[in-house]
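Please read the following report alongside the sequence and the model. It moves from helices to strands, then to aromatic rings and backbone details.

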Amino acid sequence: MTPTLAALVLPDRHPVSVFLAEVQEAEQAGVRLVSTYDHLTWPLLAEGPWYGAVPLLAAAAVVTERVRLGTQVASPNFRHPVPFAKELMTLDQLSGGRLELGVGVGTEGPDALVLGEAPLSRRERADRFTEWLGLLDRLLRDPVTTAHGERYTAVDAHQLPGCVQQPRLPFTVAATGPRALRLAARYGQRWVTYGPFGAEVGPEEWFAAVAEQSARLTDALAEEGREPAALRRSAQLGLETSWPFESAGRYADTVGRLAEAGIDEVGVHWPRPDGRGVPRAALPFLAETHGG
């Protein structure tokens, strides 16, 4: 089966009407899911506009009808589970049950330092993410939650009327390491990977890494007592990745090889004014490949 198509629209579109127009364009092109990055800033675009993910998605919800909407990805770097869960529940209501929450450990960049907290080790960040994700799961499932953790506390946290999607809105877990893959297998309805990072990573290395990560996810699912098909698997093509879009044939081969690796969805960056992301010339064969 041909993988479906997901798209990322960066939250730097100015004015915001440009962001909304591109989300609508992606919906009309047959994209299944449109996500946006959930950061406070981005080093590559630090001197330009950068809008908040939650209000952007709220605006997108009211100008679209079918496309699903999400974050890629939210993290504990600056999100406390209690107020964030309230915002997510509200977004799920506002969108009529079209929200998908993408989550990850969080980078070591500006988002991790902006609140003035001391830098965390990799293990400390993984510990924090484990507690954060577990509490978010409870908050979005239960009408009222009280929890006392090492890092996060919730006291009589009300979550009414709750999510449209039951028992809660779906989680997309970004994961490549063993511990994060276990969390994806435990909590996730979708898994996303960029594969290996770096401009020096060639296509063959990238395909091999994605296939290996997907196989390790299958093992993690088995450990959690879940079937391999329990999670939708998404491979995200990087903002600077251009080789899959060199021709219709090259893109069809890319999608075919990902399908062989068990990938259910291909993620792309929607065309950008600076030329990065999917070239506009490639959009017709993306639509043909994915049936849009």
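Which residues are buried in helix 1? In helix 1, the buried residues are F19, L20, E22, V23, A26 and E27, where buried stands for under 20% relative accessible area, exposed for over 50% and partly exposed for what lies in between (1.4 Å probe, protein chains only). This is a predicted model, in which local features need pLDDT of at least 70 and side-chain atom pairs count only at pLDDT 80 or more, while totals for chains, interfaces and linings use all residues. Residues are numbered from 1 along each chain as its sequence is written, and side-chain values use heavy atoms, with hydrogens and water left out.

Helices (H or I, at least four residues) and strands (E, at least two) are DSSP runs, numbered from the N terminus. The buried residues of helix 1, F19, L20, E22, V23, A26 and E27, cover an arc of only 160° around the axis, which puts them on the same side of helix 1; the arc is that of the directions from the helix axis to the C-beta atoms. Their cover includes strand 2, helix 2 and strand 3, with contact taken as heavy atoms within 4.5 Å. After helix 1 comes G30, with a positive phi near 90°.

Helix 2 (residues 53–63) lies across strand 2 (33–36), strand 3 (68–71) and strand 4 (99–103), and runs at about 175° to strand 3. For such angles, axes are lines fitted to C-alpha atoms, for helices over the stretch in contact, and the values run from 0 to 180 degrees between N-to-C directions.

In helix 8 (residues 248–260), which has 13 residues, the distance from the first C-alpha to the last is 18 Å, close to the 18 Å expected at 1.5 Å a residue; the expected span is 1.5 Å times one less than the number of residues. Y251, T254, V255 and L258 are buried in helix 8, and because the buried residues fall within an arc of 90° when seen down the axis, they line one face of the helix. Strand 1 (4–8), helix 7 (203–223), strand 9, strand 10 and helix 9 (283–290) are among the elements that cover them. Just after helix 8, G262 has a positive phi of about 90°.

**Strands**

A closed barrel of 8 strands runs in the order 1-2-3-4-7-8-9-10, with parallel pairing, and the twist from one strand to the next averages 25°. Two strands pair if DSSP finds at least two bridges between them. Two of the pairings are set out below.

| Strands | Sense | Bridges | Residues opposite each other |
|---|---|---|---|
| Strand 9 (residues 232–236) and strand 10 (residues 265–269) | parallel | 3 bridges | Q236 and G267 |

Strand 5 and strand 6 form a hairpin with 4 residues between them. D156 is found in strand 6; its phi is near 55°, a positive value in a residue other than glycine, and D156 counts as partly exposed at 43% relative accessibility.

**Aromatic rings**

Rings of Phe, Tyr and Trp (its six-membered ring) pair if their centres lie within 6.5 Å, and planes under 30 degrees apart count as stacked, over 60 as edge-to-face and the rest as tilted. By this rule the count comes to 9 aromatic pairs. The rings of F84 and W132 have centres 6.4 Å apart and planes at 20°, so the pair is stacked. Because F84 lies in helix 3 (residues 81–94) and W132 in helix 5 (residues 122–141), the pair ties together parts that are 48 residues apart in sequence. F84 is buried, with a relative accessible area of 2%, and W132 is buried as well, at 0%.

The rings of W206 and W243, by contrast, have centres 5.9 Å apart and planes at 75°, so this pair is edge-to-face. W206 lies in helix 7 and W243 in the loop between strand 9 and helix 8, so the pair ties together parts that are 37 residues apart in sequence. Both W206 and W243 are buried. Y37, W42 and W50 form one aromatic cluster.

**Cis peptide bonds**

The peptide bond from H14 to P15 is cis, with omega near 0°. P15 is found in the loop between strand 1 and helix 1 (16–28), and counts as partly exposed at 43% relative accessibility. A cis peptide bond also joins Q72 and V73, with omega about -10°; V73 has its place in the loop between strand 3 and helix 3.
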